[in-house]
Amino acid sequence: MQNDKPAPLPIEYRKLMLSPAMVACKKIVVPLVRLMSDYCAIVVSIFLAIMIRERVLPLFFEFPLFSEVGDVYIYIVVPAAFIFFLHFDGLYKRRLVFWDMAGAVFKSTTYAVLFLLVLLYMTGDIKVTSRTLMIVFWFISFPSIIISRYMIKKVLIKMRLWQIPVILVGAGKT
């Protein structure tokens, strides 16, 4: 009669396993970390776009004077629009390969910038906000979000928070 009790896992396999509490914690921590990294990438992109619009582009083109962008737009409205479209596309729940994620981020950033342009038009702030700034911001925000997501993914892999528990079922040697 065979022993029905499975053999214990070797120590190197037991080290890779996560506790049930860690698996439950990952469902909250990983999307929250990704959301915070996206927020930081968006705010940094805004400041880079402002710097390019104020200091670099006037060297090559003649632009009217640049008016200040309000803090409400920088820290609340623009990141909220981007995070809404990233969330709507499921980028905080799904784990995608790099190119699929890049395509979804490109689509989300495009929709977010178009939404912001419509919002600026509807509120009347388009008169004082540079459309060139919005275009430069769009070109900068896409790679900055991709880079931040890639770096966060690498950190989460090192911390073993990116792993997904998998059960392999087989019939032995077949």
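Helices (H or I, at least four residues) and strands (E, at least two) are DSSP runs, numbered from the N terminus. The structure described here is a predicted model, in which local features need pLDDT of at least 70, side-chain atom pairs count only at pLDDT 80 or more, and totals for chains, interfaces and linings use all residues. Residues are numbered from 1 along each chain as its sequence is written, and side-chain values use heavy atoms, with hydrogens and water left out. By these assignments the protein chain contains five helices and zero strands.

**Overall fold and burial**

- In sequence order, the protein chain follows the pattern α-α-α-α-α.
- Of its 174 residues, 32% count as buried, where buried means under 20% relative accessible area, exposed means over 50%, and partly exposed lies in between (1.4 Å probe, protein chains only).

- Rolling a probe the size of a water molecule over the atoms shows where empty space is left.
- A cavity is a set of points, on a 1 Å grid over the protein atoms alone, where a 1.4 Å probe fits but cannot get out; lining residues have an atom within 4 Å of a point.
- Grid points are joined across faces, edges and corners, and a volume is the space filled by probe spheres set on the points.
- A search of the whole structure returns one cavity of 30 Å³ or more.
- The largest cavity holds about 130 Å³ of space.
- Its lining is formed by Ile46, Val69, Tyr73, Val78, Leu116, Leu120, Thr129, Leu133, Met134 and Phe137.
- Two or more lining residues are given by each of the elements α3 (71-88), α4 (98-123) and α5 (131-158).
- Helix α5 provides the largest share of this lining, three residues.
- By class, the lining has nine nonpolar residues, one polar residue and no charged residues; here Ala, Val, Leu, Ile, Met, Phe, Trp, Tyr, Cys and Pro count as nonpolar, Asp, Glu, Lys and Arg as charged, and the others, Gly among them, as polar.

**Nonpolar surface patch**

- Patches are made of residues with over 30% relative accessible area and no salt bridge, with like charges joined within 9 Å and nonpolar side chains (Val, Leu, Ile, Met, Phe, Trp, Tyr) joined within 5 Å.
- Phe98, Trp99, Ile147, Tyr150 and Met151 make up a nonpolar patch on the surface, with about 600 Å² of accessible area together; accessible areas come from the Shrake-Rupley method with a 1.4 Å probe, and for residues only the protein chains shown count as cover.
- Helices α4 and α5 each supply at least two residues of the nonpolar patch, and α5 gives the most, with three.
- Met151, one of the patch residues, is located in helix α5 and counts as exposed because its relative accessibility is 51%.

**Salt bridges**

- Side chains of opposite charge can pair when their charged atoms come close.
- A salt bridge is a side-chain nitrogen of Lys or Arg within 4 Å of a carboxyl oxygen of Asp or Glu, and by this rule the count comes to two.
- Asp38 and Arg149 form a salt bridge in which the closest N and O atoms are 2.9 Å apart.
- Asp38 lies in helix α2 (residues 20-60) and Arg149 in helix α5, so this pair ties together parts that are 111 residues apart in sequence.
- Asp38 is buried, with a relative accessible area of 0%, and Arg149 also counts as buried, at 4% relative accessibility.
- Lys107 and Asp89 form a salt bridge in which the closest N and O atoms are 3.4 Å apart.
- This pair links distant parts of the chain, with Lys107 in helix α4 and Asp89 in the loop between α3 and α4, 18 residues apart.
- Lys107 counts as partly exposed at 39% relative accessibility, whereas Asp89 is buried, with a relative accessible area of 16%.

**Selected residue pairs**

- The C-alpha atoms of Asp38 and Ile145 are separated by 5.9 Å, although the two residues are 107 residues apart along the chain.
- Phe82 lies in helix α3 and counts as buried at 1% relative accessibility.
- The C-alpha atoms of Phe82 and Thr110, 28 residues apart along the chain, are separated by 9.3 Å.
- Tyr75 is also found in helix α3 and counts as partly exposed at 37% relative accessibility.
- From C-alpha to C-alpha, Tyr75 and Tyr39 are 8.7 Å apart in space and 36 residues apart in sequence.

Terms used. On a 1 Å grid over the protein atoms alone, a cavity is a set of points where a 1.4 Å probe fits but cannot get out, and a pocket is an open set with protein on both sides within 12 Å along at least five of seven lines; lining residues have an atom within 4 Å of a point.
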